[in-house]
Amino acid sequence: MAGSAVLGIDLVLAAACAAAWAGALAAAVLRRSPTAPGWLPVWAPTAVAMLAVALGVLRFGLLLAAVPALVGDRLLGAAALTAPGCLAGLAAVVLPPLIPRRAPHLKLPALALAAALTTAGFLAVVTLGTPAGWLPAVVLAAVALLGAAAAATGFARGWRHRAIKAGGVLGVALIAGSLAVAWMDSRAAAPSAFHAASHHSTLASTTTSTEATPRGVDTLRAGAPQGPVRDYTLHARSERVTLDSGQTVDALTFGSLPGPALRATEGDTVRVTLVNDGVPDGVTLHWHGYDVPNAMDGVPGVTQDAVMPGQSFTYEFPAVQTGTYWYHTHQNAAANEPLGLYGSLVVDPADGRDPSVADLTVPVHTVGGATLFGGHAGVWTETVAAGRQVRVRLINTDQLTQRFSVAGAPFRLAAVDGGELPGGAELAQTVLPLAAGGRYDVVLTMPEHPVQVAVEGSRGGALVLAPDGTPAPASVPRFVQGPEIDLAGYGAPAAQPAPAPDRTAAYTVDRLLRFVDGMPRFAFTVDGAVYPNIPPLVVREGERVQVIVVNRSSEVHPMHPHGHHVRVLSIDGRAVAADLRMDSLDIRPGQIWTVLLTADNPGIWMDHCHNLQHAREGMVFHLAYDGVETPFRHDAGSANRPE
């Protein structure tokens, strides 16, 4: 059974079991009333209780059969809360016939205990984090016991007090308990910050520093420029943009929508001056997927201060990676990047681009309800001679997974996240799901008829490749459904096996009740905690770390490590044969990804979900090199808002 199905069924069973015990309690209370309703049979409490027992057994069996890494905290909650609750309720049904004199005094308290504990078991699903700990489970159990005891006291005082006291006490107690657990787990880890003052500590979380003198992130820059310097200037501003469809949108841009396409050749030095002409929140440039020196990473409060209106900042880094990348702001990015603060970056091989190949860079973005293919809100038609090879560089600059179809010609997936993927077979009628922030390079040979590239859910935007002399289709291209590409099995087997890791680190991402900015909400968590209370993964330069990421939530999380490409070892238990390097991992509900990270780029690097709203609500931690500190801050006293 798929992991997402296990988690969903468990949630339903936990809720149904708790509801059944509450129903059994309500039925028993009504039967004890002097004016018991005639429509309620005498056997109703027992029947509902047996249904509740069956649901509890089903839940426990489901969790025992599942992958332990996926259900660890769920199993703890079921063992500590749901199982004892079912046993208490079963006792309420089985014992009264054996001890009839005590039955009136035992049945209602036992059913109240069953309802309280199984409700706590349901609340544990949305509050207990991973790694699972006994203390939060004990808190929920203790509160449930206190609530059940108070309810039993209410039952003893007569019918007038029963419903009010039982329901009120149980409800308040369990809500208080779940909030207490959420607060404890929200504060479960030392703050993930890196300043020498206040709680911004040096990076001595899990290793002992070997650095004699700590290095600041602002010193981690490239040397003197080598080769030609590609100079660009980007002006960030607020403006009203008229799309080619005629629609007008209020946008934030780097001078155009999308921003200027930056292009360099391997061996160049890229120098980009960012000028803030009017973005009130401030702005930065993050080079998504490009492993720049840490000082150039563009994360406010970690590698620099945000560039506020009237200020500028110059980014400079060597063009050592070829392929398809992009740039965007990382300041208040959940709100501002979708409005247009993004653009493409392509680095060609040292021998230049092949003139025989039609090379198209296609960032796909949603703004103002319109789907842009490049700068086109309508159909972008590109004329290509039949027989010519075409390379389409797809870039997902949105917050959610985009699903692409290519209709009209067989194609090959030539590169993923900037890295070439040799040996892939030709595909046809195959859907390409692309993670938020991810890139796919699609290569095909132009046939004598049009080729259509579409994205699922597009509101007008699409790409049509039309051969010379052939009119483009009159209708808007539509997304074509089909089987999805299997990245685990695509591409030629790696020439060399992955090196052995020095150690393993595991992370579980989830959505749990937590406190964010002082308010309780269903936040996006890493190991049960929310940023900034998630400890960093501390590494030494040269170390290899096998990282296991478990998605226990019901949402897709496009996890993005800054400054590094990781080698994907397995996807949901399936070994990856190719040498697949990625920086944007589309981790679906219930999936487990195993990757190998090589620590070869010193600094403090943000690792986060690239659904930036998820990042804003807690799903951020850091990869931090031993002995590296930062002078920058992102607390309430600064304007920096990294996300």
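Predicted model: local features only at pLDDT ≥ 70, side-chain atom pairs only at ≥ 80, totals over all residues.
The second largest pocket is lined by 25 residues, and those that lie nearest its centre are Asp291, Gly563, His564, His565 and Asp600. A pocket, on a 1 Å grid over the protein atoms alone, is an open set of points with protein on both sides within 12 Å along at least five of seven lines, while a cavity is a set of points where a 1.4 Å probe fits but cannot get out, and lining residues have an atom within 4 Å of a point. Residues are numbered from 1 along each chain as its sequence is written, and side-chain values use heavy atoms, with hydrogens and water left out.

This second largest pocket has a volume of about 440 Å³, where a volume is the space filled by probe spheres set on the grid points, which are joined across faces, edges and corners. Its lining divides into nine nonpolar, nine polar and seven charged residues; here Ala, Val, Leu, Ile, Met, Phe, Trp, Tyr, Cys and Pro count as nonpolar, Asp, Glu, Lys and Arg as charged, and the others, Gly among them, as polar.

Let me turn to the cavities. The count comes to three cavities of 30 Å³ or more, and the largest cavity has a volume of about 210 Å³. The largest cavity is lined by 16 residues, and the closest to its centre are Val547, Val549, Pro561, Asp607 and Phe621. Which kinds of residue make up the lining of the largest cavity? That lining divides into 14 nonpolar, one polar and one charged. Strands β21 (503-516), β24 (544-551), β25 (557-561), β30 (592-598) and β32 (620-625) each supply at least two residues of this lining, and the largest share, three residues, comes from β25. Strands (E, at least two residues) and helices (H or I, at least four) are DSSP runs, numbered from the N terminus.

Five of the five residues of β25 are buried, where buried means under 20% relative accessible area, exposed means over 50%, and partly exposed lies in between, with a 1.4 Å probe and protein chains only. In a regular strand the side chains alternate between the two faces of the sheet. In β25, His557, Met559 and Pro561 point one way and Pro558 and His560 the other way. Two strands pair if DSSP finds at least two bridges between them. Strand β25 is joined by three bridges to strand β29 (residues 585-587), antiparallel, with Pro558 opposite Asp586, and three bridges also join β25 to strand β31 (residues 604-609), again antiparallel, where Met559 has Cys609 as its bridge partner.

Cys609 is buried, with a relative accessible area of 0%. How many disulfides does a search of the whole structure find? The search finds zero disulfides, a disulfide being a pair of cysteine sulfur atoms within 2.5 Å. The sulfur of Cys17, for instance, has its closest cysteine sulfur in Cys86, at 3.8 Å, which is too far for a bond, and Cys17 is buried, with a relative accessible area of 1%.

Next comes strand β26 (residues 566-571), in which five of six residues are buried. Strand β26 pairs antiparallel with strand β28 (residues 581-582) over two bridges, Val566 standing opposite Met582, and four bridges join β26 to β30, also antiparallel, where Ile571 has Trp593 as its bridge partner. Ile571 also stands opposite Arg574 in β27. Strands β26 and β27 form a hairpin with two residues between them, and Asp572 in the turn has a positive phi of about 55°.

I will finish with the helices. The 22 residues of helix α2 (residues 44-65) should span 32 Å at 1.5 Å a residue, and its end C-alpha atoms are 32 Å apart, which agrees; the expected span is 1.5 Å times one less than the number of residues. Among the buried residues of α2 are Ala49, Ala52, Val53, Gly56, Leu62 and Leu63. The C-alpha atom of Leu63 is separated by 6.0 Å from that of Leu75, twelve residues away along the chain. Leu75 is found in helix α3 (residues 68-98), and Leu75 is partly exposed, with a relative accessible area of 27%.
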